[in-house]
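Please look through the sequence and the model shown here before reading the report that follows.

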2 protein chains.
Amino acid sequence: MSASRTARERARAELTREITEIGRRQLASEGATGLSLRAIAREMGMVSSAIYRYFPSRDDLLTALIIDAYNAIGEAVEQADARCAEDDYPGRWRAVCRAARGWALAHPHEYALLYGSPVPGYQAPQDTVEPAIRDTVVYGRILADAYAGGALSPPDGFPAPPPSFSHDAEAVRSLMPGLPDDLVARAVASWTGLFGILSFEIFGQFNNVVDDRTTLFEHTIDTLGRLVGLPVSDHDLTST
Amino acid sequence: MSASRTARERARAELTREITEIGRRQLASEGATGLSLRAIAREMGMVSSAIYRYFPSRDDLLTALIIDAYNAIGEAVEQADARCAEDDYPGRWRAVCRAARGWALAHPHEYALLYGSPVPGYQAPQDTVEPAIRDTVVYGRILADAYAGGALSPPDGFPAPPPSFSHDAEAVRSLMPGLPDDLVARAVASWTGLFGILSFEIFGQFNNVVDDRTTLFEHTIDTLGRLVGLPVSDHDLTST
DNA sequence: TCGAAAAGAGAGCGCCGCTCTTGACATCGC
DNA sequence: GCGATGTCAAGAGCGGCGCTCTCTTTTCGA
């Protein structure tokens, strides 16, 4: 009978959910190296070997948590973008950056798992690629919308990318249709710059150097947004 | 006698050196989590407890290796800078960026230790701060020299930092004396942007997306250098 | 030369990931 | 209704880890 079969399957799904839940808590409090299948089993009142019925190895559990984390930051970014007026391109960019930072500050260990050192010996399976680019997809859509709306006016005086960049530009352009190579290159610089300053903050590189990290972050993302041609926002002072 | 005393002390220094040497090899091949005192002892033909005569804990060995790594990338950057004509500011910037990337590509696990996820439970002692900023010091000197030489002409159209940034700007300015707040902010954006793109490359974020990472890197550092006002170099095409 | 300090050796504690086997129990075909 | 089949928790155990404690040996300075 499907009823009784689903009874078992539901029990299995519930236990799987509980394992990932406890794993996520361990991850948040101890970091990736503190993730222990034995500790999870202990907390669940199971014997350690029973866990392996649900996750064949520690890496498999880690993969599940990584996918969850990618989806979490992706969703945070998507929702922040969705709350903005569609034609407020600089506002959308700022909202995305702030959402990413907010999530990272709230979940530093998960951020480290996604954008920090790769777990040694761990090879990300194919299932992770789609969740992994959810945030980047949002970013690309903002730029594509802004470009289509004629709202991108990149500052003069920057070098153009060499012709050899055109191949990779074509690949990246699938995320931001329509943008010329020059803007694709600037978009990559902005995006990686965002994660650069974010990683510096999360990973402690600003310790004893920068105190008011919010001010620095806000100004930096405005600068990076301006680099790709987003207009200066109302709240900014104009430059020299 | 100092001769006989140094006999034992030399043995101690030699063993300490050998431990860090093997540790560095483990680090390079396995990453930080693969660093095992027992394995080091095994390779040295010692019993594992004897290692603790030289490093009281695994974290202390890790600290030594981190300091070594900071010094290694710092030295690579310093030497690259020293090979340039002093007044070739964009050349020095590019040399520094390339040296950092070259070192990171050659020592990805060590790079991860410095600029990736912090080792959980590990607190960097005070001894690490001076080696940790060797590369940043070089960067600051280039900008200070360029500014003093009147060679910085930052592009127009970027927002100015808010007044609340001035306090942190003062602290950062100790690395690049003379620069106004606006340029200090751009300098931070450039520097964090450099490590942003570097981390994306080293940590695999470009996998299956960007093939020709050298081209992208070269163009990005030119863009970031331009952002702080370094002149466009000869090899670059001029922009629109 | 002798006593103190330093260093190595060994056993052991409590963790860890992971494997293999065993017995209890539900499910399904006959 | 009842065996055959599949699923699962439990237990024991393997090798590895960081680290500690004790005991012996070596070294070195007064």
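## The annotated region

The unreviewed UniProt entry carries the annotation "domain: HTH tetR-type", which covers residues 13–73 of chain A; UniProt positions are given in the numbering used here, feature names are shortened, and annotations may be inferred rather than shown by experiment. Over residues 13–73 of chain A the chain is 69% helix and 0% strand, with the end C-alpha atoms 24 Å apart. Helices (H or I, at least four residues) and strands (E, at least two) are DSSP runs, numbered from the N terminus.

This is a predicted model, in which local features need pLDDT of at least 70 and side-chain atom pairs count only at pLDDT 80 or more, while totals for chains, interfaces and linings use all residues. Residues are numbered from 1 along each chain as its sequence is written, chains are lettered from A and ligands numbered from 1 in the order in which they are written, and side-chain values use heavy atoms, with hydrogens and water left out.

## Aromatic pairs

Rings of Phe, Tyr and Trp (its six-membered ring) pair if their centres lie within 6.5 Å, and planes under 30 degrees apart count as stacked, over 60 as edge-to-face and the rest as tilted. By this rule there are 21 aromatic pairs over all chains. One of them is the tilted pair of Tyr111(A) and Tyr115(A), at 5.3 Å centre to centre and with 35° between the planes. Both residues lie in helix H5 (residues 108–115) of chain A, four residues apart, which is about one turn of the helix. Tyr111(A) counts as buried because its relative accessibility is 0%, where buried means under 20% relative accessible area, exposed over 50% and partly exposed in between (1.4 Å probe, protein chains only).

In chain B, Tyr139(B) and Trp191(B) form a stacked pair, 4.5 Å centre to centre with 15° between the planes. This pair links distant parts of the chain, since Tyr139(B) is in helix H7 (residues 134–148) and Trp191(B) is in helix H9 (residues 181–202), 52 residues apart.

## How the copies are related
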